Amino acid sequence: MSTPNPSTPAPHPSASGGATTATADATEAVVARGVERVFTGAKGAEVTALTGIELTVHDGEFVSLIGPSGCGKSTLLRLIADLDEPTAGEIRVFGKTSRQARIDQSYGIAFQQAGLLPWRTVAANIELPLQLHGADASTRRARVAELLELVGLADFAKHYPDQLSGGMQQRVAIARSLAEQPRLLLMDEPFGALDEMTRERMQTELLKIRAETGAAVVFVTHSIPEAVYLSDRVVVMSPRPGRITDEIDVRLGGAAERGEDLREDAAFFAGVTAVREALHGPEATPAAGAARGVDVR
Amino acid sequence: MTSAAPERVEAAPSQADPTVAMPGLEASAPPRRRRPVGDGPLATFAKLVLPPIALFVVLVVLVELVVVAAGIPPFVLASPSAIFDQLVQYAPQVLAATLATGLNALIGLLIGAIIGVLLAIAASVARPIDGMLAPVVAAVAVVPIVALAPVFYTLFGSTSEVARILIASIAAFVPVFLNTLRGLRQVRPVHRDLMRSYAATPSQLTRLVTIPSALPHFFTGLRIASSLAVISALVAEYFGGPRQGLGSAITTAAASSAYARAWAFVIGAILLGLVFFVLTSLIERIASRHR
C-alpha cells in the first residue's frame, strides 16, 4: 500500500519492466505489471495480499518465489494461473491475458497437495487434461506412456493414488502438469508436504525434467536451499503488504549441469547466504536467522 | 549423503484423508478398507466367520437347555427347536411374507433414494433451496414416521400398500438426502482449482469430479436408508393395512398364542434386514475403493 513501486533493484537486464511494449511481452513467459490483490473480508475489512508487483519471467527461465507465510507468493501464482483475479494491474502470459492463457492451456500447474482424482488410476490421472481437451485415445496412450517413463513410474500405470507414497503421488501430479507440453509450469510448493530425503530427490528429478522440456517455471517455496538449488533467479517477497523486495540471480549453471554434488558446492552456499540476507537483512545471518517463518533447511 | 538415491522407496508421510476428519454425521465416513495380513483367503475367512458362528451355536444350545430344563412356557420364551420346527413347517408363508414386506421396503427405498438425490442436487446447486429444505428435512428426521401409519391407512385405504411404501420412502429419504448433499459439497478445493486451470466446462466438472466425489457418500446414505426402509415397512404393518407382510404375520401369530411361529416370522424379518444391509454395504464398499 505504502510503496506502489517497490524498491526492486531488478538485477536482470530485461526485468526492468515499464519500458517494454506488449509485443515484446509476447516472448516473455510471464509479465506482471503493477499487480495488486486486495481481499475484502467480512465487515469490509481489507487485506492487501499483494501490491505493486512487477515481475518478468523469461521463456525457459526457472524463477522461485520465496518469502515467509502471508507474503502473497501463492496468491501471485494463483493470479498468474487465473485461478484468482488481481484488483489492479495486469498479468500477461506469453503476451496473452492470463485468462486467455488459461483457456489456451499455456501453462501446466502443480499444487502442494498432489490433487489426484482418487477414483482414477495413475495413467487416467495423467491423461485427464488430454481427455478434457479432446485428444484421441491413441495419442493419449502414447503421451501417458512417455510421461510415466519421464517421472519413473512406468510400472505404476494401473495403480490407484492411495497405493502410492506421497512422493510418487507428487510425481504423478508433475507428469499430469506436463501432459500438454506447456511452455510454462506453475508450481505451488509441490514438495512442501514431502520428507527431506524425498524432497531432495524430487528436486533433482525436477531439474532433469526441466532440462528435457525447457519450460519456464514459476516455483513457490519457503525453503531457501530449494529455491537456490533449482532456480535461475530467486524473487524474494515480504508480507504486510505482500510485495517483491529483492531479486537474486543464482549462477549455478543450467538445469542439466546441476546435480546432487551442487548441494555441497561453495557457490550453492553463497546463493543460500545471499537469499537469506535478502530475506532477513545481513545482521540476521550470523545467527543462522532461522526465525520469521522461513524454512532454512 | 546419498547421491544416487534408490528409486521408489519412499517413506513419505501418509496424507491425512480429509473426508475422515470431517465432523458431522458419523456414519457418513466411507468405511476404511480392511486389509487382512498374512494367511490365505480361506484362513482369513475361517478366522473371521467361525468365531461368531461358534458363539451363535453355543447361545442357541444354551437357550434350548435352559428352556427345557427349567420348563419355561412358550409364551415367555419359545425354545429354539420349536422355532426351527415352525420355520420349516411355515417356510412358504414366511417366504411370502418376507417377499411382501421386502417389496414394500425396496420400492420405498428406491423412491426415497431418487427423491433424496434429486433434492440434494437442487440444494447443492441453489442455496435458497437448501435454506428451504434444511428445516423440513430436520423435522422429517426427528418425527417417528411410523407413527403416521394409522393416519396414512385412513388416507389411502386399509387395503392399499401405498401407506407402507410411503412410510418406507420417507424414512429412506433422510439419510440419502443428507449424505448425498454432503458428498456433493465434498469436492476438494484443489480439484476445483485443477479443473479451472484446465478450463473445464461445468458439465465436465460435474461428470468427472463432482459426481465421483459424491458417489461413496450417496452409497453410505443408501446403506443407512436400506435398514430404515425395512424396519419402517415392517413396523408400519403393526398398525393395520393388508395382512400379508411379516409385521402382520408376527402380530397374527402372537395374537393366536403361536409364539414359536411368531418367532419364525421374526427370523424371516432378520434375514430380510440382513439381505438389504449386506447388499448395500457391498455396493458401498465397491464404490469407496481407493479413497
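Domain bounds here come from an automatic or database domain assignment. For chain B, that assignment gives domain 1 (47-68 + 79-89) and domain 2 (91-287). The C-alpha centres of domain 1 of chain B and domain 2 of chain B are 31 Å apart. This is a predicted model, in which local features need pLDDT of at least 70 and side-chain atom pairs count only at pLDDT 80 or more, while totals for chains, interfaces and linings use all residues. Residues are numbered from 1 along each chain as its sequence is written, and chains are lettered from A and ligands numbered from 1 in the order in which they are written.

Two residues are in contact if their C-beta atoms, placed from the backbone, lie within 7 Å. Between the two domains of chain B, the contact takes five residues from domain 1 and seven residues from domain 2.

Helices (H or I, at least four residues) and strands (E, at least two) are DSSP runs, numbered from the N terminus. In chain B, the axes of helix α3 (residues 80-89) and helix α11 (residues 259-287) come within 8 Å and cross at roughly 70 degrees; axes are lines fitted to C-alpha atoms, for helices over the stretch in contact, and angles run from 0 to 180 degrees between N-to-C directions. α3(B) and α11(B) are therefore roughly perpendicular to each other, a term for angles of 65 to 115 degrees, with under 35 roughly parallel, over 145 roughly antiparallel and the rest oblique. Among the residues making this contact are Ile83(B) of α3(B) and Trp263(B) of α11(B).

Between the chains, 27 residues of chain A are in contact with 23 residues of chain B. The largest share of the chain A side, three residues, comes from α7(A).
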